[in-house]
Amino acid sequence: MSRPIIGLTMYRERARWGVWDEQADLQSTRYTDAVAASGGAVVLVPPADAGVADVLRALDGLIVAGGADVDPARYDAVAHPAAGPFRGDRDVAELSLVRAAVEVGVPVLGICRGMQVLNVALGGNLLQHLPEVAGNLPHQEAPGVFSTRTVTLAADSWIGRALGVSVATACHHHQAVDQLAPGLHIVGRADDGSPEAIEAADGSPVFGVQWHPEQLDDRRLFEAFVDLTAHR
């Protein structure tokens with residue numbers, strides 16, 4: 001059987017390779033290797049200026065990757081001093097892509113920023129700086145350093161069935177879901193109560209995790225997502 005085609009969104013950053021130093025669309029091999037090892041075929045989706053949703057016709061599933069904070073203007077809020085820098089090109093492309101994917105029924109998995117994009121795309125907003133909220137534990141030890149948080153999952157959720165009711169995660173975020181978008185519900189929380197997993201309440205294939213599963217040896221979440229796309 002052919003491997004399902006999984007779209008994976010990309011960073012747009014200044015990068016150097018060979019003799020070149022310029023803006024580039026790129027993605028970590030941790031993501032691409034995780035999808036490939038889980039049985040998927042990866043198509044990289046850059047943050048195009050227009051027509052990005054047209055790629056959905058070729059996809060069996062979509063993973064929205066981590067990255068920079070979503071610009072609070074996207075959910076009608078003023079930016080917190082600790083927020084940013086923002087990537088407007090990714091915001092425009094990924095919000096459009098997620099809305100279109102949900103509308104046509106292409107399965108979506110949002111990872112870290114991707115979970116936040118999912119919530120904003122469907123009408124929710126974000127808590128812009130977790131460290132100033134009393135009782136929160138570190139979810140980002142330092143830039144480039146992941147925090148280990150235990151996440152408790154609802155046993156009857158899709159993510160819970162894939163991973164069990166408790167899972168150790170690698171977190172690297174200072175923002176979180178605040179007001180949940182209509183149609184979504186929280187199915188996982190960290191040991192400090194922060195929302196760490198969301199799904200569509202009606203059972204549609206729309207999922208988000210606030211942690212970075214690509215950083216772990218545990219491939220169960222990617223395997224479950226690829227398997228779901230293969231059987232639709």
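How much space lies in the largest cavity? About 50 Å³. Bear in mind that this is a predicted model. Searching the whole structure for cavities of 30 Å³ or more turns up 1. The residues lining the largest cavity are Leu163, Val167, Ala168, Trp211, Pro213, Leu216, Asp218 and Leu221. By class, that lining has 7 nonpolar residues, no polar ones and 1 charged.

The largest pocket has a volume of about 690 Å³. It is lined by 36 residues, and the closest to its centre are Gly67, Cys112, Gln140, His172 and His173. Where does the lining come from? Strand 2, residues 11-17, supplies at least two residues, and so do helix 1, at 29-37, and helix 3, at 113-121. Sorted by class, the lining of the largest pocket has 17 polar, 12 nonpolar and 7 charged residues.

The second largest pocket holds about 160 Å³ of space. There are 14 residues in its lining, and Ser157, Trp158, Arg161, Glu199 and Gly203 are the closest to the centre. Helix 4 (158-163) gives at least two residues to this lining, as do strand 12 (184-190) and strand 13 (195-200). The classes here are 7 nonpolar, 4 polar and 3 charged.

To recap the volumes: about 690 Å³ for the largest pocket, about 160 Å³ for the second largest pocket, and about 50 Å³ for the largest cavity. That's all from me.

Definitions and conventions: Residues numbered from 1 in each chain as written. Predicted model: local features only at pLDDT ≥ 70, side-chain atom pairs only at ≥ 80, totals over all residues. Heavy atoms only, no water. 1 Å grid on protein atoms, 1.4 Å probe; cavity = no way out; pocket = protein on both sides within 12 Å on 5 of 7 lines; lining within 4 Å. Points joined across faces, edges and corners; volume = space filled by probe spheres on them. Helix = DSSP H or I, 4+ residues; strand = E, 2+ residues; numbered from the N terminus. Nonpolar A, V, L, I, M, F, W, Y, C, P; charged D, E, K, R; others polar.
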